[in-house]
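This briefing covers a ligand site, a salt bridge and some backbone geometry. The structure is shown first.

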Amino acid sequence: MTPTKKIMRSLAGEKMPVPPIWMMRQAGRYLPEYRATRAQAGDFLSLCYNSDLAAEVTLQPIRRYGFDAAILFADILLLPQALGADLWFVTGEGPRLSTITTLDDMNSLKPAEDIHEILSPIYDTVSILSRELPSDTTLIGFAGAPWTVATYMIAGRGTPNQGPAHALKVEAPELFDALIDRITEATILYLGRQIEAGAEVVKLFDSWAGSLKGDDFDRYSLEPCRRVISALKARFPDTPIIAFPREAGPRYEGFAKATGADCVALDNSVDSAWAAQHVQSDGCVQGNLAPWHMVTGGDALVAETRAICKAFSGGPHIFNLGHGITPDADPANVELMIETVRTPV
Ligand code: CP3
């Protein structure tokens with residue numbers, strides 16, 4: 001069946017006259033209505049686990065801007081929490097987790113199939129959204145890719161160079177591989193439930209793929225993504241999958257083919273002319289405006305948005321930022337970006 005929703009058409013490989021658009025972190029602190037709902041929930045994690053309020057913040061940017069896709073409001077770190085890690089957020093600093101560095105830590109984690117009890121509110125959020133979203137808006141579910149999730153579970157926090165994860169990979173390879181395997185199995189189950197609840201597309205965020213080089217990139221970014229994607233494709237052949245190996249640089253080339261992803265999301269360090277030639281040649285690409293344009297706006301935003309649309313105009317493209325919008329962004333600049341994409345010159 002030929003899809004009718006714009007995002008689904010791009011993901012099926014169709015070149016659209018105007019690229020469909022959504023934005024990473026589109027439900028976030030730059031929006032006053034998000035901040036109000038988050039205050040009502042109490043804190044960020046309470047918001048993630050409150051299905052009604054999580055659905056509400058997912059819908060807010062759709063109402064305000066009419067994006068072509070909504071992304072489930074949740075976080076990649078809910079999965080480690082469901083596996084038994086402690087998780088909390090320190091205001092102004094970011095996430096903290098109990099660490100996995102020994103065999104005892106690893107053995108204290110739950111089996112992958114036990115994640116659903118904690119994550120069931122997330123599946124409820126997906127169900128609410130699949131009922132309430134406008135009929136032309138695509139619902140995207142997501143999870144972190146195994147390497148990225150492992151970097152947080154090993155270090156217990158975000159790290160500038162993922163040093164603790166790289167160290168464990170060298171010092172205790174069996175433990176490291178066991179952790180990657182557990183996350184991979186859990187991710188397959190988690191995304192499977194999101195799809196069953198109504199997610200039409202799923203996205204894998206490998207935010208720290210860029211710190212893996214050579215064979216390590218193949219083993220710990222590409223291969224776990226390939227495993228997740230092939231397991232999902234076996235059960236849900238019609239559900240498109242977007243992979244985001246952020247800062248993979250030249251390794252973006254061939255990533256879709258090697259993993260089975262329908263689309264790769266490009267970060268803003270990637271040159272769009274290069275990506276059109278080397279990545280879009282294999283299928284749909286998503287991206288890749290630098291998020292700081294949402295802070296600065298003006299002619300630079302318009303010029304760069306047009307340049308990206310032009311560079312990718314020869315094939316399937318979903319317009320997006322190269323990474324999440326930041327809290328200091330001006331909501332009016334988001335409007336300007338959308339208007340620029342939707343008004344071809
Ligand atoms: O709108 C959306 O994109 C959907 C929801 C979403 C969130 N996080 C909500 C969120 C998605 C898809 C994510 C993914 C996520 N979470 C990633 C991968 C993408 C990326 O940014 O590279 C990562 C690495 C995380 C982990 C995480 N969550 C960190 C490091 C932080 C703290 C940094 C920050 O921005 O505060 C979060 C918190 C978080 N996740 C917020 C939101 C809206 C801000 C929390 C708040 O409201 O205080």
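Asn288 lies in strand S8 (residues 284-289); strands (E, at least two residues) and helices (H or I, at least four) are DSSP runs, numbered from the N terminus. The model is predicted, so local features need pLDDT of at least 70 and side-chain atom pairs count only at pLDDT 80 or more, while totals for chains, interfaces and linings use all residues. Residues are numbered from 1 along each chain as its sequence is written, and side-chain values use heavy atoms, with hydrogens and water left out.

**Backbone**
- The peptide bond from Gly287 to Asn288 is cis, and its omega is near -15 degrees.
- Arg25, although not a glycine, has a positive phi of about 60 degrees.
- Arg25 is found in the loop between helix H1 (6-11) and H2.
- Most residues other than glycine have a negative phi, and most peptide bonds are trans.

**Ligand site**
- Polar contacts are pairs of N or O atoms within 3.5 Å.
- A ligand oxygen is 2.7 Å from a polar backbone atom of Arg25.
- A ligand oxygen is 2.5 Å from an N or O atom in the side chain of Tyr34.
- A ligand nitrogen is 2.7 Å from an N or O atom in the side chain of Asp75.
- The protein buries 87% of the 860 Å² that the ligand exposes when taken alone (Shrake-Rupley method, 1.4 Å probe).

**Salt bridges**
- The whole structure has 16 salt bridges (a side-chain nitrogen of Lys or Arg within 4 Å of a carboxyl oxygen of Asp or Glu).
- One of them joins Arg64 and Glu33, with the closest N and O atoms 2.8 Å apart.
- This pair links distant parts of the chain, 31 residues apart: Arg64 is in helix H4 (residues 51-65) and Glu33 in helix H2 (residues 32-41).

Conventions: Polar contact = N/O pair within 3.5 Å; in protein donor to acceptor, adjacent residues only side chain to side chain.
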